[in-house]
Amino acid sequence: AAYMGPLVATALGTVGVVALHFWLAYKNNSLSGFYAYALSRAALFSFYASYLIVKMQHQEIIFHFHHYAMGFLAASLAEFNHPASLVLLACGTGVFVQGIAAYDHDP
């Protein structure tokens, strides 16, 4: 039960950061630009989510979602001239580079 506080805070922070970036995309782009942003990020997230779906269907498969993939997904959201977007880009890129350097690029 002690882990629930940090878990909830992380989940709420993640939802907030994603929502902020989609709002920035809607505010700063034309409608077609917003759709391009939203659909390209949805495709990227769906690609990685498909691994989890396959794992849930086949219990014999060993699946480890490397943290460098999380850094890549986070950094892919950040493209705006906004301080929160800059921080997300820096943190996501840092996690990505550290993950590749320390643990290699295992699938």
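User: Which residues make the nonpolar surface patch of about 520 Å²?
Analyst: This is a predicted model, in which local features need pLDDT of at least 70 and side-chain atom pairs pLDDT 80 or more, while totals for chains, interfaces and linings use all residues. Residues are numbered from 1 along each chain as its sequence is written, and side-chain values use heavy atoms, without hydrogens or water. The patch of about 520 Å² is made by Y3, M4, L7, V8 and L12.

User: Is M4 buried or exposed, or partly exposed?
Analyst: M4 is placed in helix α1 (residues 4–28), helices being DSSP runs (H or I) of at least four residues, numbered from the N terminus. Buried means under 20% relative accessible area, exposed over 50%, and partly exposed in between. The value for M4 is 38%, so M4 is partly exposed.

User: What is the geometry of the aromatic pair formed by Y68 and F96?
Analyst: A search of the whole structure finds ten aromatic pairs, defined by ring centres within 6.5 Å (planes under 30 degrees apart are stacked, over 60 edge-to-face, the rest tilted). For Y68 and F96 the distance is 6.2 Å centre to centre and the angle between the planes is 75°. The pair is therefore edge-to-face.

User: How many residues apart are Y68 and F96?
Analyst: Y68 lies in helix α3 (residues 67–77) and F96 in helix α4 (residues 83–103). Y68 is buried at 14% relative accessible area, whereas F96 is partly exposed at 31%. The pair links distant parts of the chain, 28 residues apart.

User: Which kind of pair do F72 and F96 form?
Analyst: F72 counts as partly exposed, at 33% relative accessibility. Ring pairs link F72 and F96 into a cluster that also includes F47, Y48, Y51 and Y68. Because the centres of F72 and F96 are 6.1 Å apart with the planes at 45°, the pair is tilted.

User: What is the volume of the largest pocket?
Analyst: The largest pocket is lined by 20 residues, with T14, F45, M70, L73 and A74 nearest its centre. Helices α1, α2 (31–57), α3 and α4 each supply at least two residues of the lining. A pocket is an open set of 1 Å grid points with protein on both sides within 12 Å along at least five of seven lines, and lining residues have an atom within 4 Å of a point. Taken as the space filled by probe spheres set on the points, the volume is about 510 Å³.

Key. Phe/Tyr/Trp six-rings, centres within 6.5 Å; stacked < 30°, edge-to-face > 60°. Buried < 20%, exposed > 50% of the residue type's maximum accessible area, 1.4 Å probe, protein only. Patch = residues over 30% accessible without salt bridge, like charges linked within 9 Å, V, L, I, M, F, W, Y side chains within 5 Å. Areas by Shrake-Rupley, 256 points an atom, 1.4 Å probe, with all protein chains shown as cover. Salt bridge = Lys/Arg side-chain N within 4 Å of Asp/Glu carboxyl O. 1 Å grid on protein atoms, 1.4 Å probe; cavity = no way out; pocket = protein on both sides within 12 Å on 5 of 7 lines; lining within 4 Å.
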